[in-house]
Amino acid sequence: MTPSLHDTTALYEAAGSLQLDRVCVQDEEFQRFSLAVRELQSRLGDDASDSYWQPVLRRLRRARWELATVPLPFSYAGFEISEAVTYLTDRLSDCEHVFPAHAAAAREVTACLAALPEGNADPLGPAVRDIPFEPPGALLLNNARHAGAVEEDLAGPLGLAVLTPAQLPGSAVYSTMAVVGPGCWFPVHVFTAPKAREIRVVQFAWLSDPPIDARIFAGSQMGGGSSSLAAHGGGSQGATLASAELLPVTNWAAIAAGTGGSSDMQDERPDTVSAYLLLLASEQAVYLEAEEGSRAYVAELGSSKELHMVPTRSIQPGTYLVNRVGGEGDYIPAIADRLLGAHAPGLRAAQQRWKEPLRELAASIGVQGMLSRLEAAGSERANRANLRRWLSAGSIRTEHLADFAALLRVAGLQEETDELWRDMEVIDQAHRRAGQRVRALLVREILEGDTRELEVRGWQDYDVEEIEGEGALRVARVEDRHPDPLRVSTRLTRQLLPVDRDLWQG
Amino acid sequence: MLDAGSRAASVQRDGARVVIALSLPARAFAAVLAAAGAVATAFRENPPASDAAEHFDYLASLPEGTAINHHRSNKVEQGRLAGVEIDSVDGTARVRIKLRKEDRLLPVGLCTEVQVIDDPGTLKARKQTLVKDPEFLACALPGVDTTSLSATTRLDCVLVGVQRTLEGELTAREFGAGDDEAVYEGNLQGIVRARDIGGTKDAYRSALVPAASEDGDAPIAASVPKVAIFDGARAFNNWRSRWPDSNWLVLLDRGLPSAPDGAAAVNQGYATRLAESDALGDLDIPAGVETLAYLERQ
């Protein structure tokens with residue numbers, strides 16, 4: 001949808017005359033807890049990376065982060081503070097024996113955390129309520145995890161829209177927006193491409209917040225003068241904790257280990273592939289094949305909605321990835337099988353029939369031996385990457401009949417070449433039709449539909465009647481991406497894998 | 001944005017292109033407004049067939065059957081060239097054109113009504129309205145021969161971005177231009193005249209290129225566009241090498257996650273620049289708009 005010129009003018013006016021103020025709140029109990037976490041980390045030093053302490057620190061950091069970013073009472077059940085205290089108490093029960101030097105600090109931090117919900121303190125909520133919002137107003141949260149509860153308990157009664165930064169590109173201009181947390185916890189565009197004429201940063205006073213440089217080009221000029229943005233009023237002078245310390249750090253090693261990924265790229269077993277590991281807003285992980293030619297559907301929301309089938313290597317945080325939920329593997333084969341109906345089992349069996357002997361042979365004589373035989377059998381495109389793709393469960397047939405004929409000759413199935421090529425052609429066409437169905441669904445639901453819920457929550461399921469059972473497509477925002485490809489079993493690719501919430505906290 | 005597009009179309013440096021980069025609070029309408037400025041300036045500075053005699057000679061040099069547009073008042077009709085003839089009575093040279101219902105013989109003074117179609121496609125048999133919003137265009141582009149602008153084809157500007165979005169902005173009737181007596185409504189497509197918008201094969205001054213498309217979708221033209229406008233990081237990162245001899249105008253919406261990628265590419269170019277550029281020197285840049293201009297080796 002093209003925004004009107006009127007809306008666009010409002011965005012320029014907001015950027016040109018943004019009023020940025022800060023509302024600082026105090027809470028001594030929470031400050032004590034936050035500093036106790038830092039103190040424990042500091043005392044642990046190298047021990048912090050010990051497997052004894054890692055889960056403890058993750059749980060503490062998660063609690064501190066959520067309490068500092070969500071304007072709800074500390075007793076809000078969604079924070080799971082009592083569960084965290086129980087977990088920590090249990091986990092640290094033998095600390096006196098294992099790490100006696102740190103036991104006192106561990107007890108102190110656990111006691112601080114346990115005390116937080118008892119007083120039913122709610123430092124951020126009243127600070128938000130006290131802001132004189134000019135309608136329309138909005139409340140910006142760092143992430144959507146507790147957005148529903150915030151909307152129900154705080155924003156709804158005040159008539160405020162609850163947003164996350166990912167929603168801002170497509171958002172209209174609000175009169176007043178409360179941003180919960182120091183500015184440095186948010187993407188700079190929250191302030192440099194503001195969606196409100198007035199922004200109030202609501203944060204704890206003891207958190208630092210450096211000025212923001214609005215420029216993205218080196219050596220540039222900024223119209224209107226200053227390129228530095230700093231909130232006025234209620235300053236965070238006297239800050240005792242650097243805000244950056246609280247930011248979640250994704251623990252990639254633990255997530256990879258917990259989802260079957262390996263950083264050993266020398267592992268070339270035929271049932272493993274190189275894959276990109278992505279974290280999704282649905283608090284799940286997914287592996288996408290990294291091989292040349294691997295593609296996936298993504299949607300981009302914001303000022304202009306787009307839908308693309310893109311190379312997996314180009315998928316970045318902020319885009320919305322289309323996955324299958326329920327059942328194993330990719331959604332395209334599932335829909336294709338539905339379209340093939342009663343013929344599907346036979347055709348899939350045929351697909352496996354020519355791959356199985358080749359896989360067994362590859363395991364026996366190795367990749368180089370296979371390539372030599374394929375070359376001798378007339379394949380012109382046999383190389384390591386192609387062989388791996390041809391033998392993978394996902395591939396249907398080769399692009400050229402000559403390569404397919406060579407594969408079947410090596411597999412000892414040369415007499416079935418024509419028949420199997422025809423069968424694979426049928427599967428291939430079904431995959432193409434399945435892709436068209438998926439695209440039609442996504443166009444209807446995302447390009448032409450209302451995506452507000454998807455943007456607020458970060459993910460949404462869409463029923464697809466062609467997928468049997470509980471089949472649906474899950475469109476989920478990519479929140480993060482492992483910096484390097486990993487090796488993973490082929491059966492784990494394109495599957496939504498659960499990720500422990502604590503692992504997002506590093 | 002009109003001025004930025006205009007500057008990008010008018011500045012010239014031997015052996016160098018000017019790169020103008022703007023980071024904006026919102027991208028909507030920025031690229032199409034810049035394209036309007038670029039097309040209008042390119043037309044003003046280099047109007048087609050300003051020398052009638054030169055144009056007559058050009059038409060005379062073309063083979064018979066060359067597809068042409070013939071425009072008169074606010075109508076345009078397509079036809080074919082049929083050579084040049086000398087009147088046996090008065091000795092006047094005239095170019096013959098074959099239209100659907102008749103042939104016409106046009107002397108030098110009227111030959112500028114004839115413009116060659118670069119991409120003839122399927123010639124239309126019917127006359128059609130040449131300028132959709134003549135009053136709007138006349139007020140928006142004072143001093144410009146809007147009939148000639150609308151009737152002639154030359155690729156002055158390429159616009160790379162999300163095709164659907166850019167088409168929507170080009171055809172949005174959200175603009176007005178007027179005088180003391182009235183304000184006339186119109187759209188930017190009347191000025192930008194992007195090729196093949198709305199399924200028409202009208203004369204064009206610019207072309208849209210989908211940022212996500214393959215190289216084969218680039219418009220093919222004999223002339224080098226004055227300006228390549230890149231609407232967003234993907235457009236710039238995927239397509240900038242396609243028009244090395246044009247000036248570049250890069251527009252990045254700071255609110256989009258892709259903005260840092262585009263800025264990184266701009267900054268890389270800036271780091272290896274030939275020199276700073278004063279292309280935007282005396283422009284009054286609105287608050288909240290970040291600007292950078294430099295010269296880069298072609």
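1. Chain A and chain B bury about 2,900 Å² between them, with carbon and sulfur atoms giving 61% of that area. Buried area here is the accessible area (1.4 Å probe) that two parts lose on being put together, summed over both. The contact involves 33 residues of chain A and 39 residues of chain B, where contact means heavy atoms within 4.5 Å.

2. This is a predicted model, in which local features need pLDDT of at least 70 and side-chain atom pairs count only at pLDDT 80 or more, while totals for chains, interfaces and linings use all residues. Residues are numbered from 1 along each chain as its sequence is written, chains are lettered from A in the order in which they are written, and side-chain values use heavy atoms, with hydrogens and water left out.

3. One pair accounts for the salt-bridge count of 1 across the interface of chain A and chain B: B:Arg234 with A:Glu300, whose closest N and O atoms are 2.5 Å apart. The rule asks for a side-chain nitrogen of Lys or Arg within 4 Å of a carboxyl oxygen of Asp or Glu. Between chain A and chain B, 11 residue pairs are in polar contact (both at pLDDT 80 or more). A polar contact is a pair of N or O atoms within 3.5 Å; within protein, one must be able to donate a hydrogen and the other to accept it, and residues adjacent in sequence count only if both atoms are side-chain atoms.

4. On the side of chain A that touches chain B, at least two residues each come from helix H1 (5–16), helix H9 (189–192), strand S7 (221–222) and strand S12 (306–311). H1(A) gives the most, with 7 residues. Helices (H or I, at least four residues) and strands (E, at least two) are DSSP runs, numbered from the N terminus.

5. S7(A) runs antiparallel to strand S15 (residues 290–297) of chain B, and 2 bridges join them. Pairing requires at least two bridges found by DSSP between two strands. A:Met222 has B:Glu290 in S15(B) as its bridge partner.

6. Within chain A, the domain assignment (automatic or database) includes domain 1 (5–26 + 123–246) and domain 3 (252–334 + 438–503). Each of these two domains puts 10 residues into their contact. They bury about 720 Å², 50% of it on carbon and sulfur atoms. A:Arg145, A:Ala166 and A:Gln167 lose the most area on the domain 1 side, together 52% of what that side buries.

7. A:Arg145 also meets A:Glu283 in a salt bridge (2.4 Å, N to O). The count between domain 1 and domain 3 of chain A is 1 salt bridge.
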